[in-house]
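I opened the notebook to look up aromatic pairs first, then overall build. My entries follow the model.

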Amino acid sequence: MFRLITNFEPKGDQPNAIKKIVESIHKGEKEQVLLGATGTGKTFTMANIIQQTQKPTLILAHNKTLAMQIYQEMQGFFPHNRVEYYVSYFDYYQPEAYKPATDIYIGKKVQRNASIAKMRLKTLNSLVTDRHVIVVASVAAIYGCFNPTSYRKVVIHLEKGQKVDKDLLQEKLLLLGYKNDKKINPGNCQIKEEKINFMLGWEENYYFSLSIKGNEIQKIEKINQQTGEKIKELKKIAIPPSQDYVGEEGEELTKILTRIEKELTEQKEYFCQEGKFLEAERLEKRIQEDLFNLREMGFCPGIENYSRYFDGRSEGETPFVLLDYFPEDFLTIIDESHITIPQVKAMYNTDRRRKETLVKYGFRLPSALDNRPLSQEEFFAKIGYSLYVSATPGNFELEKVNYQPVEQIIRPTGLLDPEIEVRTTRNQIADIMEEIKGKSHRGEKVLIYALTIAMSEDIAAFLQERNIRVVYLHSRLEIFERYQAITSLRRGVYDVIVGINLLKEGIDLPEVSLVCILDADKPGFLRDTRSLIQIIGRASRNRNGKVILYADKITDNMLGAIEETNRRRQIQKEHNRQNNIVPQTVEKPVKDISLDPLIALLVEKAQKGKMGEKELKKLVKDVRRKMKRFTREFKFDQAIAFRNALLDLEKIEIATA
């Protein structure tokens with residue numbers, strides 16, 4: 001069962017929100033909306049709902065950063081349960097595309113993250129071997145993965161005292177991708193006379209040992225990889241495929257190739273009838289090359305485009321995705337629903353348009369269209385109980401509850417929504433500079449929201465010339481550069497960030513006490529009511545929170561945001577007055593989210609004092625090695641993240657020496 005471990009009790013609006021949502025779920029109501037103001041502890045509310053409903057849970061976030069943040073928090077709340085992280089394993093992804101107007105073909109280019117690939121496999125294993133699982137995922141959850149029925153069939157279940165055929169067990173391990181090796185490594189096994197040792201594909205710290213005498217399993221032990229010490233003895237174990245497992249084929253390869261050849265013939269005939277001889281020739285050459293590779297090696301570049309055949313699916317049939325691994329009664333929590341839901345819809349439409357062009361001009365067979373994410377309709381058909389969470393829920397989700405969301409406005413910390421001022425645009429930069437001086441003296445930080453990339457860079461350059469520690473942040477920067485700018489602000493390297501849409505970073509910034517919004521009266525989605533409320537919320541984690549809207553007139557969007565913020569502020573002030581609460585700024589440790597997810601979790605474990613001396617030394621060694629490697633490869637953003645982690649770990653070493 002789920003066991004929530006925490007020293008905190010629900011406070012503010014949390015108890016009422018938890019009670020209402022849990023009661024609704026127990027009554028069988030499928031959809032709920034939680035309108036949770038920024039900083040009200042929505043993640044803690046989610047954790048309590050999971051604890052009280054005892055439902056396996058998928059938490060869907062709109063980007064990897066936010067997903068990692070929630071994942072780390074949930075791991076802290078549920079240390080005895082399986083909490084998993086499932087996002088795209090691409091650090092860089094350029095999809096295959098064709099631009100007819102310029103006759104330019106763009107080949108697929110990818111850079112995979114091995115750590116995230118391991119965590120994805122670990123997620124699938126948890127779901128097929130345990131019911132009490134929490135998965136924090138990005139929209140990667142709606143993209144294709146292994147057939148869950150086939151995956152469940154290949155997992156090997158063993159228990160102490162079980163009769164086994166040792167030769168057959170060895171054969172099964174090899175079929176699952178485990179390589180027989182003298183040295184035990186992730187995804188490897190050691191096959192001895194009376195022992196079989198193996199390490200799961202995502203592990204590095206321990207391995208499992210099966211003692212087999214005759215044809216009976218005598219012991220199942222979990223052993224520390226570094227010391228060789230037994231961690232514990234197990235009664236049973238489920239052995240999943242290794243990291244190199246590619247899944248079972250839906251049909252024999254020869255049958256698959258025959259079906260691909262048949263489709264190729266039909267599509268060529270269609271092109272020739274239409275007089276599209278170039279397209280027919282192009283398709284013939286590309287597909288025959290793929291067929292040759294499949295026959296000779298069992299693999300080809302872009303093999304995912306034939307997933308319909310390998311899965312044994314019919315044309316147009318819904319692909320297998322992460323959601324198919326959950327039991328029927330699972331709970332889906334959609335965080336930042338006003339962004340995540342439109343993103344789910346956009347994924348399918350964007351993918352479809354790109355692939356239709358590839359098919360039309362002879363770069364892919366029509367079956368490639370079935371290598372796709374779920375459509376919005378398919379997604380909602382697969383989820384049961386759903387909770388939409390946002391500070392500004394969209395009309396889509398509000399309509400589902402007749403515009404009657406559960407509100408969570410009062411913060412456990414007593415913090416209020418920030419005060420709002422409207423000031424003229426005349427001499428606005430000079431005015432902001434005066435504000436920055438006052439804030440920086442107190443160690444507080446400032447966010448400046450501009451409307452364009454050029455404007456953000458120009459303002460940052462202007463402030464730098466006047467010795468203000470500032471950095472700009474926008475979408476043209478690499479993801480690691482953006483993360484590093486944010487953590488550097490929190491560490492005190494900068495006092496100001498100038499950006500456009502800082503909301504998508506998904507980072508809590510309790511040090512920020514002032515948000516300046518330029519051109520607040522301009523039309524567009526970055527200055528609509530919902531966006532303004534979200535931006536204003538960036539200053540709600542500091543007791544001195546304040547927002548300045550620079551505008552020459554008060555628009556309806558501005559008025560709506562101001563009125564809603566003031567409504568929430570009055571509710572919060574009244575609660576504080578009745579309960580004698582003095583607001584306190586949120587304190588949160590700085591986490592380098594640009595670290596590999598597995599390393600980030602180990603660093604957090606060390607910071608909490610839950611790591612032994614030997615394990616800490618090994619982690620320091622690993623972090624130092626990765627830092628040097630990234631430096632040699634000129635990947636300085638990642639190198640800086642590992643340097644910061646190394647400095648934090650060395651402090652722990654000194655403190656425990």
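How many aromatic pairs does the count come to? I count rings of Phe, Tyr and Trp (its six-membered ring) as a pair if their centres lie within 6.5 Å; planes under 30 degrees apart are stacked, over 60 edge-to-face, the rest tilted. By this rule I get 15 aromatic pairs.

I took Phe44 and Phe77. Their ring centres are 5.5 Å apart and their planes stand at 45°, so I call the pair tilted. Phe44 sits in helix H2 (residues 42-53) and Phe77 in helix H3 (residues 64-77), so the pair ties together parts 33 residues apart in sequence. Both Phe44 and Phe77 are buried, meaning under 20% relative accessible area with a 1.4 Å probe, protein chains only.

Next I looked up Tyr206 and Phe208. This pair is edge-to-face, with 5.7 Å centre to centre and 90° between the planes. Tyr206 and Phe208 are both buried. I also noted one aromatic cluster, formed by Tyr98, Tyr105, Tyr361 and Phe363.

Then the whole chain. I find 20 helices and 25 strands, as DSSP runs (helices H or I, at least four residues; strands E, at least two) numbered from the N terminus. Buried residues make up 54% of the 657 residues. The C-alpha atoms fill a box of roughly 75 × 75 × 60 Å along the principal axes.

Notes on method: the model is predicted, so I keep local features at pLDDT of at least 70 and side-chain atom pairs at 80 or more, while totals for chains, interfaces and linings use all residues. Residues are numbered from 1 along each chain as its sequence is written, and side-chain values use heavy atoms, without hydrogens and water.

Note on methods:
Buried means under 20% relative accessible area, exposed over 50%, partly exposed in between (1.4 Å probe, protein chains only).
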